[in-house]
Amino acid sequence: MQELGYLKETPSQTAGPYVHIGLTPNFCDIGGIYAQDLGSAMVNEKTLGERITVTGHIYDGTGAPVRDAVVEIWQADSAGLYNSPSEMRGAADQNFAGWGRCPTCAEDGVYKFETVKPGCVPFKDGRTMAPHISFWIVARGINIGLHTRMYFPEEADANKADPLLARVEHGERIATMIASREDATYTFDIRLQGEKETVFLDI
Amino acid sequence: MSDISNRKPETGAFFARDRAWHPPAYAPGYKTSVLRSPQRALLSLDGTISEITGPVFGHSIIGELDNDLIHNFARPGESAIGERIIVHGRVLDERGRPVSGALVEFWQANAGGRYRHKKETYLAAIDPNFGGCGRCITDEYGQYSFRTIRPGAYPWPNGVNDWRPAHIHFSIFGHGFAQRLITQMYFEGDPMIWKCPIVGTIPDKAAIEQLIAALDWGNTIPMDARAYKFDIVLRGRRSTLFENRLEGN
């Protein structure tokens, strides 16, 4: 029999407590190497769409905020297009990165993104997914980066029809993926473990 | 994006992750993982456009010294202290194809095992000429390289007397958000590797071996720097030939 010949993916390791040195050096007072930390600005004055703030905490299994994590988000622009070479449906807003990176605050553990509300994108079978932002979380003690999604509370009908949310077996857990809203600020807290544990994805 | 080759962009979903090859979330030998590991099962789903796509960075973000840790934080005319090395390799996917245009970021302690970070309290000295971070973007063959100082081992509060082996942290972007990966590179022949609880989170010895860079004598530069070769494999994409067609858009 022939060998399939596929390689194995490089195994993950924790980002460790000093992840900021590599990913956000200016944040941890290593200045002068990069002009600015990558992913610190997602929008500029020309970016199209509704401006929103996305913020929150990441909590461990005791409810304590994780103050040494790095959060990355990835999302479509306001028209529902991704700023990626693999986006074949059209050109995304060139004034919108679609990707952001933010360390949680070393004092209070808050992360915060200034972005725009994403448009809808299609599921593989053509159904529409509700507007969402993809999250990826790394930190000391996390051996492999955790994927999840944030959905929007005012999109109740779209959320009800969302193909991914429909796969959550225990319906009450869907709430862990829906942010709370106050004006243009969405709070999305992530609980790594225990009561109200966030739904994490293998995707 | 104009930096990427003119090959047709790939849009297939990624191979499922072999989570028995990666470390599990809960690995109590590494104590911090106990309270930072989800207890519920992950929700598994074939990748959607939200994971098949991902940010791609242009070479314009890369500064002249971004891949030279010996000099990128050093005062003019000075350089970091320690064993001068080159680390290089290729970023491939599971199908063995080079991943071009991949952003590779790395960070590490100095020659004495000391990180330049305000939370770090190890008594080994800071090197005034060493910052500890760098980055590069792979070329059309998936190749990357950087110069640095071989990092020292360092002690950490896990067990009473736990020490990390010499290691360099790597963060890699492929072309899809689902390929996002952070890992650590270790050095050939280091006896510390097999004592480390973080290395030990990986269940399979063959998977650990995949994180150990080999001394690359062929690429060592005489009278200058030794070389280590470290190839990185990201998730492969399925062929798009038989992907379900997207409809309704």
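Select Asn83(A) and Phe96(A) together: the side chain of Asn83(A) reaches the backbone oxygen of Phe96(A) at 2.9 Å. The model on the screen is a predicted one. Asn83(A) is found in the loop that runs between strand E3 (70-74) and strand E4 (99-103) of chain A. Is this residue buried or exposed? Asn83(A) counts as buried because its relative accessibility is 11%, and the limit for that class is under 20%.

Next, select Glu72(A) and Arg101(A). These residues form a salt bridge, in which the closest N and O atoms are 2.9 Å apart. Glu72(A) belongs to strand E3 of chain A and Arg101(A) to strand E4 of chain A, so the pair ties together parts that are 29 residues apart in sequence. Glu72(A) is buried, and Arg101(A) is buried as well.

**An annotated span in each chain**

Now colour residues 87-115 of chain B. Here, too, UniProt places the feature "domain: Intradiol ring-cleavage dioxygenases", from an unreviewed entry. Over these residues the chain is 0% helix and 41% strand, with 19 Å between the end C-alpha atoms.

Return to chain A and select Tyr59(A), which has its place in strand E2 (residues 58-59). Tyr59(A) has a relative accessible area of 17% and is therefore buried. How far apart are the C-alpha atoms of Tyr59(A) and Asp189(A)? They are separated by 7.6 Å, while the two residues are 130 residues apart along the chain.

**Salt bridges**

Over all chains, the structure holds 26 salt bridges. One of them can be shown by selecting Lys118(B) and Asp29(A), whose side chains meet at 3.7 Å, N to O. Why does this pair join two chains? Lys118(B) lies in the loop between strand E3 (103-107) and strand E4 (133-137) of chain B, and Asp29(A) lies in the loop between helix H1 (19-23) and strand E1 (51-56) of chain A, so the contact runs from one chain to the other. Lys118(B) is exposed, as is Asp29(A).

Continue with Asp125(A) and Arg127(A), whose side chains meet in a salt bridge of 2.9 Å, N to O. Asp125(A) counts as partly exposed because its relative accessibility is 38%. Arg127(A), with a relative accessible area of 41%, is partly exposed.

To view a network, select Glu50(A), Lys117(A), Glu154(A), Glu155(A) and Arg181(A). Salt bridges that share partners join these residues into one network.

**Paired strands in chain B**

Display chain B as a cartoon and select strand E9 (residues 181-187) with strand E10 (residues 212-215). In which sense do E9 and E10 of chain B pair? The sense is parallel, and the pairing runs over two bridges. For one of the residue pairs, select Phe187(B): its bridge partner in E10(B) is Ala213(B).

Leu215(B) stands opposite Tyr228(B), a residue of E11(B).

Between E10 and E11 of chain B there is a loop, and Met223(B) is found in it. Phi of Met223(B) is near 65°, a positive value in a residue other than glycine. Met223(B) has a relative accessible area of 87% and is therefore exposed.

For another residue with a positive phi, select Lys196(A). Its phi is about 55°, although Lys196(A) is not a glycine. Lys196(A) has its place in the loop between strand E12 (190-191) and strand E13 (201-202) of chain A. At 59% relative accessibility, Lys196(A) counts as exposed.

**A nonpolar patch**

Finally, switch to a surface display and select Tyr26(B), Val34(B) and Leu35(B). These residues form a nonpolar patch on the surface, and together they have about 250 Å² of accessible area. Tyr26(B) is found in the segment before strand E1 (43-44) of chain B. Because its relative accessibility is 49%, Tyr26(B) counts as partly exposed; the exposed class requires over 50%.

Notes
Residues numbered from 1 in each chain as written. Chains lettered and ligands numbered in written order. Predicted model: local features only at pLDDT ≥ 70, side-chain atom pairs only at ≥ 80, totals over all residues. Heavy atoms only, no water. Pairing = 2+ DSSP bridges. Helix = DSSP H or I, 4+ residues; strand = E, 2+ residues; numbered from the N terminus. Patch = residues over 30% accessible without salt bridge, like charges linked within 9 Å, V, L, I, M, F, W, Y side chains within 5 Å. Areas by Shrake-Rupley, 256 points an atom, 1.4 Å probe, with all protein chains shown as cover. Salt bridge = Lys/Arg side-chain N within 4 Å of Asp/Glu carboxyl O. Buried < 20%, exposed > 50% of the residue type's maximum accessible area, 1.4 Å probe, protein only. Polar contact = N/O pair within 3.5 Å; in protein donor to acceptor, adjacent residues only side chain to side chain. UniProt positions renumbered as here; feature names shortened; annotations may be inferred.
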